[in-house]
Amino acid sequence: MKQFEAILFDLGDTLIYFDGDWPTVFERARQAMLASLQKSGLGVGQEFLDDFYARMQAYYRERDTEFIEYTTHYVLYSTLEEWGFGDTPDEVLAQALNDFHSVTQAHWIPESDAIPTLKALKEMGYRLALISNAADDRNTQVLVDKAGVRSYFEMVLSSAAEGIRKPNPRIFQRALERMGVAPERAAMVGDTLGADILGAKNAGIFSIWITRRANTSANRAHADTITPDARISALSELPALLRSLEEQ
């Protein structure tokens with residue numbers, strides 16, 4: 001019997017990567033959202049956008065310490081409510097967020113070895129699932145479809161849909177419970193030490209750190225305190241790693 005039955009994957013900077021300058025793209029996305037809200041008849045302008053941005057930054061800081069996911073929809077709605085637009089129809093919010101994310105989605109590109117690796121793992125008999133920290137579930141699902149990888153996964157979980165973020169072990173446990181797989185029979189592949197690797201360890205899952213896009217300040221801060229069970233520099237190395245682990 002193989003050591004592992006299921007392989008769990010992160011999404012951003014693991015299966016896909018961002019090819020633009022994030023501050024520049026994010027500003028374009030915010031302006032697209034503002035134009036969408038104005039087109040719907042809301043009297044909001046740059047000051048509103050600046051307030052929304054400040055709230056998003058505060059939300060980013062909070063979620064990285066509490067590991068609870070408040071969605072972008074919630075932040076936008078609460079900002080509008082504070083500005084006296086609490087009765088804004090949900091379809092207006094949804095369209096504004098769609099316009100926002102359509103700008104960023106254009107810059108997320110699948111890794112060239114993502115589909116070949118997923119195909120190889122399926123042929124090797126592994127069951128696959130995806131767990132992504134994300135503020136908008138619909139955006140996550142669009143990115144999965146855009147990358148052409150949905151057919152390889154039994155499930156795609158986002159923190160936006162589940163309400164909790166990696167490294168909270170509960171999001172890993174939910175995935176495995178739905179698959180009917182024990183933690184010791186699973187491995188997690190991700191680029192972030194503080195979310196993917198620590199979260200896997202806390203859930204009793206074998207952790208595999210992919211380092212291709214892992215040279216970040218957050219990872220450097222955890223380099224001496226969080227140690228993965230294994231590491232690879234690219235997805236293409238994963239099948240051989242799993243074979244070697246099975247042989248051991």
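# Buried charges and helix packing

Trainee: Lys166: buried or exposed?

Mentor: Buried, with a relative accessible area of 3%. Buried means under 20% relative accessible area, exposed means over 50%, and partly exposed is in between (1.4 Å probe, protein chains only). This is a predicted model: local features need pLDDT of at least 70, side-chain atom pairs count only at pLDDT 80 or more, and totals for chains, interfaces and linings use all residues. Residues are numbered from 1 along each chain as its sequence is written, and side-chain values use heavy atoms, with hydrogens and water left out.

Trainee: Which residue does Lys166 form a salt bridge with?

Mentor: Asp10; the closest N and O atoms of Lys166 and Asp10 are 2.9 Å apart. The two sit in distant parts of the chain, 156 residues apart: Lys166 in the loop between α7 and α8, Asp10 in the loop between β1 and β2. A salt bridge here is a side-chain nitrogen of Lys or Arg within 4 Å of a carboxyl oxygen of Asp or Glu. Helices (H or I, at least four residues) and strands (E, at least two) are DSSP runs, numbered from the N terminus.

Trainee: And Asp10, buried or exposed?

Mentor: Asp10 counts as buried too, at 6% relative accessibility.

Trainee: How many salt bridges does the count come to?

Mentor: The count is 14. Side chains of opposite charge can pair when their charged atoms come close.

Trainee: What does Arg213 pair with in a salt bridge?

Mentor: Glu111, with the closest N and O atoms 2.5 Å apart. That pair spans 102 residues, from Arg213 in the loop between β7 and α10 to Glu111 in the loop between β3 and α5. Arg212 also forms a salt bridge with Glu111, at 3.7 Å between the closest N and O atoms. Arg212 and Glu111 are 101 residues apart in the chain.

Trainee: Glu111: buried or exposed?

Mentor: Glu111 is buried, at 6% relative accessible area. Arg212 is partly exposed at 30%, and Arg213 is partly exposed at 30%.

Trainee: Switching to the backbone. Which peptide bond is cis?

Mentor: A cis peptide bond joins Lys166 and Pro167, with omega about 15°. Pro167 is in the loop between α7 (159-162) and α8 (169-179).

Trainee: What about the phi of Asp13?

Mentor: Positive, about 65°, although Asp13 is not a glycine. Most residues other than glycine have a negative phi, and most peptide bonds are trans. Asp13 lies in the loop between β1 (6-9) and β2 (16-18). Its relative accessible area is 26%, so Asp13 is partly exposed.

Trainee: Helices now. At what angle do α1 and α4 cross?

Mentor: Roughly 155°, and the axes of α1 (residues 22-39) and α4 come within 8 Å. That makes α1 roughly antiparallel to α4. Axes are lines fitted to C-alpha atoms, for helices over the stretch in contact, and angles run from 0 to 180 degrees between N-to-C directions. Under 35 degrees counts as roughly parallel, over 145 as roughly antiparallel, 65 to 115 as roughly perpendicular and the rest as oblique.

Trainee: Is the crossing of α1 and α4 right-handed or left-handed?

Mentor: Right-handed. A crossing is left-handed if the near helix is turned anticlockwise from the far one by less than a right angle, and right-handed if clockwise. Among the contact residues are Trp22, Val25 and Ala29 of α1, with Ala96, Phe100 and Thr104 of α4. By class, this contact has 11 nonpolar, 3 polar and 3 charged residues. Contact means heavy atoms within 4.5 Å. Ala, Val, Leu, Ile, Met, Phe, Trp, Tyr, Cys and Pro count as nonpolar, Asp, Glu, Lys and Arg as charged, and the others, Gly among them, as polar.

Trainee: Back to Thr104. Leaving aside its neighbours within four places in sequence, what is Thr104 in contact with?

Mentor: Phe18, Trp22, Val25 and Ala29. Thr104 is in helix α4 and counts as buried at 3% relative accessibility.

Trainee: And how do α3 and α4 pack?

Mentor: Their angle is about 120°, with the axes of α3 (residues 72-82) and α4 (residues 90-105) 11 Å apart. That makes α3 oblique to α4. This crossing is right-handed. On α3 the contact uses Thr72, His73, Leu76, Tyr77 and Leu80; on α4 it uses Asp90, Leu93, Ala96 and Leu97.
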